Amino acid sequence: MDCPGWARRVAGGAGKRQAGRVRQRAEGDRRLVRALPVLLVVVGFVFDASTPPDLTAAALFAGAPVAAAPFYSGRGTAFIGLGSVAAVVALWFIHDLPNLGEGSSELFTVLTVGALALVINRILRRSGEQLASQRVIAETAQRAVLPTPAARIGGLNVAARYEAAQADAFIGGDLFAVQDTPYGVRLIVGDVRGKGLQAVEAVAVVIGAFREAAEQESSLEAVTQRLERALAREGTRRDRLDAVEGFTTALLAEIPRGDGTVRLVNRGHPEPFMLGADGSLDMLVPSEPALPLGMADLGVWPDRADVRPFPPGATLLLYTDGLSEARDGSGVFYDPGTRLRGAIFPGPDEVLDALVDDVRRYTGGGSNDDMALLAVARPAEGQPQRRRTVKIVK
């Protein structure tokens, strides 16, 4: 069902305000840093003009283009350097130096440092362009292999979110997928070791293997073993380090039609939650611990799916460790179970909106790791169109 706008505002308003304040502070810091080179030239000129000739502000004039290099364009850095040179020449006439050669050393220093600042600016801009290009490629690849699932699949309401840790960070290896199959709705949430393009490549392998196996295999355990074999084949194509240390934590679920249960296979992944229609919350801990996918060399045992109730009106929440390992300013981990217990939401979209906003507020603007969230709700018969939403910000 569609959610009224007030529900989202109640659930996430405080987190959005906190994120807005963080962005405002960051913008203020950027403006201050960009004004610093100009301030150095102005302060140096005023100081040098108002003091005897033997006191010089050469250090400030030389520092101005260096301060501009990381934050200005090449033209802007050159402009600051020329401003420093002009200030030095103007001060010769203000001090009425009888021999301009007396200030040649200072002028040579400013010219040399200005030229070095231009070189630094060029190197930084090239590095930044390469970094931006790699990030764009990674994000585009991830969107291609990790499309947002439909809002309704197999009679279930579905919502998914992918939250990157920071704007200048490489994309991570978090993944999710939902598929309607002859055996029910099957889904996966996982976290591939590593970041960048290699992580996106591994995500593509896992998602591709899952979609094929989910349609063909009659049991969730068999789907899991297909993923294990796919990662093993991928590991042989990587270098020695990745072949030895590569792994993927994953949680697979199967929701059969009409029997009110969910089957789960957990391979070293954070435990999911079942949110009841009355605000209750259960952590679905696996009956037997298991290693992540891709670590079969360390131990092999048969996968066994746990069967848990999935009553009408409940929501199954799956996530990666970017949620449970988010920290506040004191280093305390975010506890999604404590934050969610007692809260009631109109649907899975509102659950994820509230979580994302709450994590931003809790961490002061952003997590240290990427975060993938997947919520699946089983609609209840006669469920009202509007339900009370309790914000989870505490």
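Which residue takes a positive phi in the hairpin of β1 and β2? Keep that in mind for the first view, and note that everything here comes from a predicted model.

**View 1. The hairpin of β1 and β2.** The residue in question is G154, with a positive phi near 55°. Two residues sit between the strands of this hairpin. Strand β1 covers residues 152-153, and its pairing with β2 is antiparallel, with two bridges. Look for R152 and you'll find N157 of β2 standing opposite.

**View 2. Strand β2 and its other partner, β11.** Move along β2, which spans residues 156-163, and you'll see a strand that is mostly covered, with six of its eight residues buried. Strand β11 (residues 371-377) runs antiparallel to β2, and seven bridges join the two.

**View 3. The largest nonpolar core.** This core has 47 residues, and the ones touching the most other members are L187, I188 and L374. Helix α5 (residues 196-216) gives the core its largest share, with nine residues. There's another core lying apart from this one, made of 22 residues and including A343, V351, M371 and L373.

**View 4. L374 and its neighbours.** Now zoom in on L374. Leaving aside residues up to four places away in sequence, L374 touches V158, A159 and A160, then F176, A177 and V178, then L187, I188 and V189, and finally L316, L317 and L318. Two of these, L187 and I188, already came up in the view of the core.

**View 5. A305 in its loop.** Here we're in the loop that links β8 (281-283) to β9 (306-309), where A305 is found. Is A305 buried or exposed? A305 counts as buried because its relative accessibility is 17%, below the 20% cut-off. Its contacts, again not counting residues up to four places away in sequence, are E221, R263, L264 and V265. A305 and N266 are 39 residues apart along the chain, yet their C-alpha atoms are separated by 8.1 Å.

View 6. Last stop: L36, L39 and V43 make a nonpolar surface patch of about 240 Å². L36 belongs to helix α1, which takes in residues 5-49.

Conventions. Residues are numbered from 1 along each chain as its sequence is written. This is a predicted model: local features need pLDDT of at least 70, side-chain atom pairs count only at pLDDT 80 or more; totals for chains, interfaces and linings use all residues. Side-chain values use heavy atoms; hydrogens and water are left out. Helices (H or I, at least four residues) and strands (E, at least two) are DSSP runs, numbered from the N terminus. Buried means under 20% relative accessible area, exposed over 50%, partly exposed in between (1.4 Å probe, protein chains only). Contact means heavy atoms within 4.5 Å. A nonpolar core is a set of buried Ala, Val, Leu, Ile, Met, Phe, Trp, Tyr and Cys residues joined through side-chain atoms within 4.5 Å. Two strands pair if DSSP finds at least two bridges between them. Patches are made of residues with over 30% relative accessible area and no salt bridge: like charges are joined within 9 Å, nonpolar side chains (Val, Leu, Ile, Met, Phe, Trp, Tyr) within 5 Å. Accessible areas come from the Shrake-Rupley method with a 1.4 Å probe; for residues, only the protein chains shown count as cover. A salt bridge is a side-chain nitrogen of Lys or Arg within 4 Å of a carboxyl oxygen of Asp or Glu.
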